[in-house]
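Okay, everyone, thanks for coming.

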Amino acid sequence: MNNILNTLEKSSRHLRSIAEKVVDGKRISAGEGIILYEEGELGFLGMLANHVREKKNKNYTYFNRNIHIEPTNLCVFDCKFCSYSRLLKQKGDADSWEMTAEQMLAAVKNHDQTITEVHIVGGVHPKMDLYYFADLLKQIKIFRPDLHIKAFTAVELEYMFRKAKVSYAEGIKILKAHGLDSIPGGGAEIFDAEIRKQICEDKCTTEQWLELHETAHRQGIHSNATMLYGHIESFEHRIDHMDRLRNLQDITKGFNCFIPLKFRNSNNQMSHFPEVSVIEDLRNYAVSRIFMDNIPHIKAYWPMIGKSTAQLSLQFGVDDLDGTINDSTKIYSMAGAEDQNPSMRTDQLVDLIKQAGRIPAERDTLYNIICDYKNHDLVSL
Ligand code: V47
Ligand code: SF4
């Protein structure tokens with residue numbers, strides 16, 4: 001607190017009044033969020049974000065044990081930033097894949113059964129429809145009823161439900177009855193219509209994304225939210241994006257965490273746009289933590305930003321590092337992420353968190369603590 005007040009002495013009048021609000025636990029406005037992006041230097045934002053982070057999540061840094069399954073990279077949509085998808089006509093090319101339901105089930109069965117979550121997200125494939133996936137969920141639950149299934153972005157859901165001619169409420173009810181437990185945050189990108197038109201014009205709209213999450217929340221299905229940043233969007237667009245999420249969260253309280261996703265520029269139609277710096281990544285985590293006062297957790301997705309930045313982010317508002325993750329996730333390795341084979345054993349993740357001075361806490365998908373490693377011997381993991 002004293003650090004914050006000392007730094008305040010040197011800050012502009014605007015920044016000082018924003019900091020006072022944050023320290024008093026008050027919500028900042030969209031205009032104030034933009035001022036933070038425009039004027040807040042790294043140390044100032046870090047101190048404020050850390051204040052909020054520690055108030056909400058103490059000294060814990062959460063992680064879980066999960067696997068990612070990417071059923072296919074064939075996709076009916078053509079997002080300009082996407083490095084990993086291939087058009088349907090590229091079916092059969094060496095760098096495209098379609099997993100069978102048996103292969104996906106085997107991926108779950110053959111993995112070490114200490115995992116508590118399976119995350120299933122992929123391209124939007126017309127043959128993998130609502131009933132195909134409902135059956136897959138059922139098979140996974142027959143094998144392991146307690147395994148949490150976090151699956152399908154709003155983009156996949158919107159397409160599946162439209163094809164099956166069911167309402168969002170009906171579609172979610174069907175998937176929930178077959179085993180869906182929660183929804184990942186992908187597909188949000190940037191909500192502003194003009195930006196969306198330029199980077200992903202053919203997939204679900206902002207209104208559809210928000211309606212799908214709201215419908216899920218109303219059925220007791222929690223979800224995450226993402227924001228793809230660091231391309232052609234402005235600070236105003238980022239704040240507008242977070243403001244819409246914050247407003248929905250006021251109503252439903254269904255978002256577990258917010259995950260800023262850094263745009264990576266390898267092998268996609270937006271490769272001519274440079275990537276933002278690590279400093280901007282940290283500033284962005286910090287502003288997210290300060291602005292999203294009603295979302296409990298901020299996640300740094302380490303396979304995307306790399307282990308060192310993930311470690312640094314723990315001083316800039318982040319309290320969750322996702323999971324141990326197997327090496328099958330390709331969304332980021334194909335987009336140029338540092339880590340081409342993202343996987344970390346639990347002891348490595350625990351070490352990484354401890355080195356940053358935080359207490360590692362293994363969680364389930366809904367952030368119940370399964371084990372905190374404050375007093376645990378790593379050898380026994
Ligand atoms: O919506 C695609 C992003 C998302 C690129 O909910 C890219 O726990 C950067 O949402 N550069 C899908 N990002 C993945 C996703 C996710 C990941 C981890 C955890 C969770 C969760 C959700 O990946 C897409 C898009 O925003 N993406 N291409 C790229 N070149
Ligand atoms: Fe398809 Fe998703 Fe890639 Fe867009 S981001 S092209 S919806 S896989």
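**Around ligand 1**

So, starting with N224: an N or O atom in its side chain is 3.1 Å from an oxygen atom of ligand 1. That's a polar contact, meaning a pair of N or O atoms within 3.5 Å. K299 puts a polar side-chain atom 2.8 Å from an oxygen of ligand 1, and R264 uses a backbone N or O atom, 2.9 Å from a nitrogen of the ligand. On its own, ligand 1 has 620 Å² of accessible area, and the protein covers 96% of that (Shrake-Rupley, 1.4 Å probe).

Quick housekeeping: this is a predicted model, so local features need pLDDT of at least 70 and side-chain atom pairs 80 or more, while totals for chains, interfaces and linings use all residues. Residues count from 1 along each chain as written, chains are lettered from A and ligands numbered from 1 in written order, and side-chain values use heavy atoms, without hydrogens or water.

Which residues come nearest to ligand 1? Of the 26 around it, they're K150, G185, G187, E189 and K299; "around" means a heavy atom within 4 Å. The shell divides into 12 nonpolar, 8 polar and 6 charged residues, with Gly counted as polar. Strands β6 (222-229) and β7 (255-262) each supply at least two of the shell residues.

Now helix α2, residues 13-23: L15, I18, A19, V22 and V23 are buried, that is, under 20% relative accessible area. Those buried residues fall within an arc of 130° seen down the axis, so they line one face of α2. Just after α2, G25 takes a positive phi of about 75°.

Notes: Buried < 20%, exposed > 50% of the residue type's maximum accessible area, 1.4 Å probe, protein only. Helix = DSSP H or I, 4+ residues; strand = E, 2+ residues; numbered from the N terminus. Arc of directions from axis to C-beta. Polar contact = N/O pair within 3.5 Å; in protein donor to acceptor, adjacent residues only side chain to side chain.
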